[in-house]
Amino acid sequence: MDNTSKFNMKAGFYASARPTYAEGFLKKLYSDFGVSDKSVVADIGSGTGIFTRQLLQLGCSVYAVEPNDDMRVEAERELASFKGFHSVNGRAENTGLKDRSFDFITVAQAFHWFEPFSFKRECARILKPDGKIFLIWNSRDEAAEINVRQYELFGKYCPDFKIPSKDTTKSDKRISDFFDGKFLYAEFENNLLYDRDKFISRGLSSSYSPKYGTSVYTKFVAELSLLFDEFSSNGTVTVPNKTRIYYNK
C-alpha cells in the first residue's frame, strides 16, 4: 500500500487529538537555533498542520508539503488565515519547491514514512547552504503503564501495529545515515492531557488503527473508553510523553 493512503479518513481524528510539540522546543528554535519571523521553512509531511501552525505562530513563512489530500485539505481549512502559510501538494522525495530557497526543513512525526536517500537528496536541493534540518517526534514513555496497556490494545485490534523497541527513533540507523552519523539530539518534556473524546480520537488517528465501518472498530473504541476510565481522574488522563529532536545541517 502507498504510505500516503494509510491516513485516508483520519484527518479529523488527527487534527483534533494529535498533540502539539513541546513549548520548550519552540523557545529553543527561536532563542538558540536562529528561527525568526524572517525564516522560510519547508515543513515536510506536514499532515493536518499541527507543527506548521506552531511555526506560523513564530512568524515564519511556512511551505507545508503534504501528499495526502484529506490531511492537506484539513490544514488548508485550519491555517488559511495565516499570511505565511503556503500549502503544497508534494512528497518528501519530490517536493516541487525551489532550489536553495529554505532556511530550515522540519519533519514532525513523518520521517519514518520517507525514503531516506531520496529525501536527503531533495533536502540538499531546496535548503540554503547554511540551512538546518530538524527531525521531530512526540514519543510516548513506553514504560508507563497506560502506554503499555494501549500497546496491548493496539496489538489485539490492529494487525499492522508493531510494538516499538525502546527509544526506537534514537537508535534508528536511517537517522544516522541521513545525517552521515553527525547529528545533535535534544528532548523536551511534553506530557499529554486528554479528555475521553480526545483520548479515543488519538487512538483512532494512528495509521494502523481500525477505520470506521470495519468489523472491529466498535470494539476497539469501547475498549479505549474503558482504558480511559481506568486511568483518568476528574475527567482527564495524563500520558507521559517527550518531544525528541534530531538536527544538523
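**One serine and its surroundings**

A: Leaving aside residues up to four places away in sequence, Ser-225 touches Arg-196 and Ile-200. Contact here means heavy atoms within 4.5 Å. The model is predicted: local features need pLDDT of at least 70, side-chain atom pairs count only at pLDDT 80 or more, and totals for chains, interfaces and linings use all residues. Numbering starts from 1 along each chain as its sequence is written, and side-chain values use heavy atoms, with hydrogens and water left out.

Ser-225 sits in helix H9, residues 217-231. Helices (H or I, at least four residues) and strands (E, at least two) are DSSP runs, numbered from the N terminus. Is Ser-225 buried or exposed? Its relative accessibility is 18%, so Ser-225 counts as buried. The cut-offs are under 20% relative accessible area for buried, over 50% for exposed, and partly exposed in between (1.4 Å probe, protein chains only).

Now the partner helix. H8 covers residues 196-204 and packs against H9 at about 135 degrees, with the axes 10 Å apart. That makes H8 oblique to H9. Axes are lines fitted to C-alpha atoms, for helices over the stretch in contact, and angles run from 0 to 180 degrees between N-to-C directions. Under 35 degrees is roughly parallel, over 145 roughly antiparallel, 65 to 115 roughly perpendicular, and the rest oblique. H8 crosses H9 in the right-handed sense. A crossing is left-handed if the near helix is turned anticlockwise from the far one by less than a right angle, and right-handed if clockwise.

The contact list for this helix pair is specific. H8 contributes Arg-196, Phe-199, Ile-200, Gly-203 and Leu-204. From H9 come Tyr-217, Phe-220, Val-221, Leu-224, Ser-225, Leu-227, Phe-228 and Asp-229.

H2 (residues 23-31) and H3 have axes that come within 11 Å and cross at roughly 45 degrees. That makes H2 oblique to H3. The crossing is right-handed. On the H2 side, Glu-23, Phe-25, Leu-26 and Leu-29 take part. They meet Phe-51, Gln-54 and Leu-55 in H3.

H3 spans residues 50-57, and six of its eight residues are buried, so H3 is largely enclosed by the rest of the structure. The buried ones are Ile-50, Phe-51, Thr-52, Gln-54, Leu-55 and Leu-56. Just past H3, Gly-59 adopts a positive phi of about 95 degrees.

Next, the sheet. Seven strands form an open, mixed sheet in the order E3-E2-E1-E4-E5-E9-E6. E3 (85-88) and E6 (184-189) are the edge strands, each with a single partner, so one side of each has no neighbour in the sheet. Neighbouring strands are turned by 20 degrees against each other on average, direction ignored. Two strands pair if DSSP finds at least two bridges between them.

Follow the pairings across. E1 (residues 40-44) runs parallel to E4 (residues 102-108), joined by three bridges. Asp-43 has Thr-106 in E4 as its bridge partner. E4 in turn runs parallel to E5, over six bridges. There, Ala-108 is partnered by Ile-136 in E5. E5 (residues 127-140) then runs antiparallel to E9, with eight bridges. Ile-136 faces Ile-245 in E9.

E9 (residues 241-248) has six of eight residues buried, so E9 is largely enclosed by the rest of the structure.

Cysteines come next. Cys-60 is buried, at 2% relative accessible area. Cys-158 is buried too, also at 2%. The disulfide count is zero, taking a disulfide as a pair of cysteine sulfur atoms within 2.5 Å.

Finally, the whole chain. The protein chain holds nine helices and nine strands. Of its 249 residues, 49% are buried. Among contacts with a separation of 6 or more, 76% join residues 24 or more positions apart.
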